[in-house]
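Hello,

Please find the structure below. My notes on it follow.

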Amino acid sequence: MNFVSRFGGSKCLIKRLCVNKSRYISNQSILGIETSCDDTGCAIINDQGDLLAESLHSQHLMHLRNGGIIPDVAQDLHRSNIKSIVSNTLDKAKLTVENISAIAVTLRPGLPLSLAVGMKYAKQLARRYKKPIIPIHHMEAHALVARMHHNIKFPFLVLLISGGHCLLAVAQNVNKFKLLGESMDSAPGEMFDKVARQMKLRNLPEYSKISGGQAVELAASKASNPHIFKLPLPLAEYKDCNFSFNGLKTAVLLHLHRKEKEHDIVAHRLIPEVNDLCAAMLMATSRHLVHRTQRAIAFCHNNNLIPPDNKQLVVSGGVACNNYIFNALTTLCNEMDYQIYRPPPKLCTDNGIMIAWNGFEKWRRNIDIVTDYDSLDIKASSPLGENLIQDVISAKIPMKLMKLKL
Ligand code: KG4
Ligand code: ZN
């Protein structure tokens, strides 16, 4: 894709970029490093926003065996892999660090032990080769990477659904976000992972190597009668855009344990209704996500946060890979006259490309280009943008859940 089509074809914008930032039309590239959780990722993006190379080492199978992420184990694996992941990426791009303009690295939020590995390595490279560092916020990177493949103009609404997060925000610019809602407890991916484990889905070969969320989606696709399981609509009484998944998870597990008793299930066997229960959980999750997004659209309309000619929803994060959830959100967007976008599946889950892309977006705008390395540090938690959650709560926008044919 060329520069004009990717950035919306605004000649005015392109002229401004080329005149004011003449360095951007020379051959310069951004190297991105991601180690915030359990993926060691690296990618290089050139000055035209094109991907030159990428590498990813996923620790998924190790953590699947351990029944969850053990931070020390994650850190050890990042440490063992970071050097080769970065040098493989440089080799694939036929570049050396000398050819790189800046190093973008995730510094927040995430597992401190994991984040520290990426930061340390980025600082080492930066010092040695005298390159600036561009600090990256993991959730901002998830939110913006869809712009790499789609012509999405600011401002836009973003629903970020992953293993660690669930939030609704308005992306006003590369470094300007307004937070409308977030999860009060867990994230949807976390719920899928925990429930899939309790259902023992990975005892079946077809689910043994995939994430809990993928397993739930695959099992749900084989359902015949999901309506035998009744599940609640979380936070139905609360007129805000926050999320909650703990109640839903408990309700699913109660059904699971009831069925296990009923069928006298022991050891490694699964309940016969496992596909129906997965489908019921996916439906309830989709309803909850649609319900809150519907209110966020209304809040944006009432407060002029999204202009009428910019009605765009970006869905990102690992759970955005789920076609069932995405289709439910598409139905909402069709109804509300919104365009809906999601990055390709590989860019929805954690990766180095979204970090390099975020670095590229900041670099071409001269934002967050840091040479005082000591001023940079990691942060385990870090809210996304300006918090408008209280304003959303005060607005008390009534919202009847749109009819969904699920
Ligand atoms: O974005 P991500 O890689 O990591 C975080 O930043 O959290 O998301 C990983 C999460 C996992 O919980 C995984 O189960 C979930 O995304 N996931 C899915 C699907 N693929 C991955 N959830 C539902 N359906 C999927 N197809
Ligand atoms: Zn993530």
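**The ligand and its surroundings**

An oxygen atom of ligand 1 lies 3.4 Å from an N or O atom in the side chain of H138. A polar contact here is a pair of N or O atoms within 3.5 Å; within protein, one must be able to donate a hydrogen and the other to accept it, and residues adjacent in sequence count only if both atoms are side-chain atoms. For the side chain of S162, the distance from one of its N or O atoms to an oxygen atom of ligand 1 is 3.3 Å. For D193, the corresponding side-chain distance to an oxygen atom of ligand 1 is 2.7 Å. Ligand 1 has 550 Å² of accessible area on its own, and the protein covers 90% of that. Accessible areas come from the Shrake-Rupley method with a 1.4 Å probe, and for residues only the protein chains shown count as cover.

Before going on: this is a predicted model, in which local features need pLDDT of at least 70 and side-chain atom pairs count only at pLDDT 80 or more, while totals for chains, interfaces and linings use all residues. Residues are numbered from 1 along each chain as its sequence is written, chains are lettered from A and ligands numbered from 1 in the order in which they are written, and side-chain values use heavy atoms, with hydrogens and water left out.

Ligand 1 is surrounded by 21 residues, and the closest are G163, G164, D193, E217 and D350. A residue counts as near the ligand if one of its heavy atoms lies within 4 Å of it. By type, this shell divides into 4 nonpolar, 14 polar and 3 charged residues. Nonpolar means Ala, Val, Leu, Ile, Met, Phe, Trp, Tyr, Cys and Pro; charged means Asp, Glu, Lys and Arg; the others, Gly among them, are polar.

Three helices each supply at least two residues of the shell: α6 (138-144), α7 (188-199) and α8 (212-220). The largest share, 4 residues, comes from α8. Helices (H or I, at least four residues) and strands (E, at least two) are DSSP runs, numbered from the N terminus.

**Cis peptide bonds and positive phi**

A cis peptide bond joins R108 and P109, with omega about -25°. P109 is in the loop between β4 (100-108) and α5 (112-129). The bond from F154 to P155 is also cis, with omega near -10°, and P155 lies in the loop between α6 and β6 (156-161).

K130 is not a glycine, yet its phi is positive, near 55°. K130 belongs to the loop between α5 and β5 (133-137) and is exposed, with a relative accessible area of 69%. Exposed means over 50% relative accessible area, buried under 20%, and partly exposed in between (1.4 Å probe, protein chains only). D264, another residue that is not a glycine, has a positive phi of about 55°. D264 is placed in the loop between α9 (246-262) and α10 and counts as exposed at 61% relative accessibility.

**Two helix residues**

T293 is in helix α10 (residues 274-302) and is buried, with a relative accessible area of 0%. K346, in helix α12 (residues 345-348), is exposed at 52%.

Regards
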